[in-house]
Amino acid sequence: MEQAEMGAYKVDMPFLWTDSARHFNKLVRRKHSNPHLHQGGKGLGPQLSKQLKVVQLVGIGIGSTIGAGVYVLVGTVARERSGPSLTVSFLIAGIAAALSAFCYAELASRCPSAGSAYHYAYTCVGEGIAWLVGWALMLEYTVGGAAVARGISPNLGTFFGGTDNLPMFLVRRTIPGIDIVVDPCAGLLVIIVTILLCIGIEESAMVQSIMTLLNLSVLIFVIFGGTWVGYKNGWIGYRQLGGFMPFGINGMLGGAATLFFSYIGFDTVASTAEEVKCPQRDLPLGIGLALLSCSSLYMAVSAVIVGIVPYQLMDPDVPMSSAFSDNHMPWAMYIVAAGAVAALSTTLMGSLLPQPRILMAMSRDGLLPPVFQRLNKVTLIPVHSTVATGIVAATMACSMDVGQLSGMVSVGTLLAFTVVGVSILILRYVPPNDPHLSAVCIPAPVTLPPTPRHYFPVNSHMEQKMSSLPPHAKDYPHTPDLSFSSGASPQTLPGEDENSEAECITDSVREALVPREDELKLDSFQAHNVTLKNPLLSGGETNHEKLHDQTRRLVAALGIFGVCVGVILVSLATSSTSFPQWLQWIMEISGVPSLVAGTLVLLLMKQDEGRHKFGQAGGFHCPFVPLLPIASILINVYLLANLETLTWIRVSIWLGIGVLVYLFYGMNHSSLTKVHAENNGH
């Protein structure tokens, strides 16, 4: 009897193992790199309006990056870390930010869809990591926007003789009994920006560009006005006893680590990828020019400010205003205050702009309720997501002191930068096997019948492509019959603007329709029997080739894993002081060989040819792979490890809530779950 009862409660271990493996597969499943063929070829539905070009992207990037940080960090870092070497600290920080920008530029041009780092993580790493990145970015943009909004009213108060002299409906008030400082001005500004974002992306970009021009005008005044003051007082700041690096090289590098966060904002450009007319060309240019402009301005401003005032005498709160006041130019305070207001306004827009698009992208993928993906029929803007973001940010800005939460903003950004670097390594060495090509191409016959040229429209770009083929291949291009989603024509991708530049529209189609010269394998000169080398069309590779490719991908994956483990261990060992010394030594002894071995494996290994077929053709290619993305990962993880413990506790609570939301909603409602069920006839 007892044995029978025990048998009734016997645990089915194989079932548990199978169930665990099934859930793990859900965490690492990846979606198609082509968003138009996501969800089993059903597409994504309505697309965002394509309105943006390079000039607008540069304006968005500069406006989102140059915030109030340059008006404050110049004094803080110069006094405590860098001294006169502040300009070099800005240069080092700019180079470190450029490493992540290169990675963003390639992924944005290959996968121009809303969602930015969340979308890249979903297509390269897996659904679980993508969810964490998206959830962390929600916190970053919302808290960041609220914190920026609360910083505007003190600068506005400069024009009224103090914040207490602002109009009554904008003055900060303390609620009796609960000690909450209400800032109506911050809440009102968030509401105004939200309304502007709902009107349209082109209008929002125009307003942000105007405010950015005002900010740039103020910074140019600081540069030229400060240069005149410097020649007048003999650049007294550079003639101090401590020399150019009073805190040594460690102080200069420490200042660069702090200044790195002043470059955060160029990733906002990537979040608008779906609204760019020519993403393969304009997105890399927009990201690169924005970052180059910001770095140049930072270095010029810092070189002037530390030269006209000794770094020991700088005001850490208002370094620019005090620098001019000390040199008998107190009226410049109002010009600097105007620049600070403009900078905060553009940063506020840069914080609220990406958030609705991330919500929309996650909703499209089924990880959030479908209400967030609905677009306005006229403006093609995710109004529901924008309004929801604005309400939450306005509430926080008006009624909460979010200064204590500002450290949490850095976690989302650094985590996104890290995942983007890892995604580049995955894309180059173990690119996802994109099954969407088989969904749009005909089944895999070994031989294709000839197709006369007059049956298929061939543009000038295709003529140039086919001019290099043998004569018999020119007469019979053997273009497969493609079934495009949403009824698109062969010359216009779904969701693309027919009036866009021809070279941008036809890049991906040309790759699919006209085989490259090295992909054609002619068995004979028979015009009716041409075999394509592409395994998606020719029936696949031999077993030996498949085994070799699987082995190569496994070794490359182990190399990437070794790099990630080594970076984490080295960063923790060199930055954390809470671990005992023996544990730090163990982490260093384990982490350094893992990092070096993983890097050598990737350096000695040839990159996967499948990377050329991932995402859209053309665009930017990140240089110096794998060294550049590995350096980017190392810098970002090191900065993450240096964040305060209290910040990590708060972020862990937020991420824990996100895990619960994913487990109870996102995992089961994911569009990939629905596709899997449909494929299995459920």
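A nonpolar core is here a set of buried Ala, Val, Leu, Ile, Met, Phe, Trp, Tyr and Cys residues joined through side-chain atoms within 4.5 Å, where buried means under 20% relative accessible area with a 1.4 Å probe and protein chains only. The model is predicted, with local features needing pLDDT of at least 70 and side-chain atom pairs counting only at pLDDT 80 or more, whereas totals for chains, interfaces and linings use all residues. Residues are numbered from 1 along each chain as its sequence is written, and side-chain values use heavy atoms, leaving out hydrogens and water.

**View 1. The largest nonpolar core of the protein has 145 residues.** Ile66, Val70, Tyr71, Tyr104, Ile305 and Met320 have the most contacts inside this core. Helix 19, residues 407–429, gives the most to the core, with 14 residues; helices are DSSP runs of H or I with at least four residues, numbered from the N terminus.

**View 2. Methionine 320 and the residues that it touches.** Leaving aside residues up to four places away in sequence, Met320 touches Val70, Tyr71, Leu219, Val222, Val301, Ile305 and Val336, a contact being heavy atoms within 4.5 Å.

**View 3. Helix 10, residues 184–199, and its cover.** The 16 residues of helix 10 reach 23 Å from the first C-alpha to the last, close to the 22 Å expected at 1.5 Å a residue, the expected span being 1.5 Å times one less than the number of residues. Among the buried residues of helix 10 are Cys185, Val190, Leu197 and Cys198, and what covers its buried residues includes helix 8 (127–150), helix 11 (201–233) and helix 18 (383–399).

Definitions and conventions
Helix = DSSP H or I, 4+ residues; strand = E, 2+ residues; numbered from the N terminus. Buried < 20%, exposed > 50% of the residue type's maximum accessible area, 1.4 Å probe, protein only.
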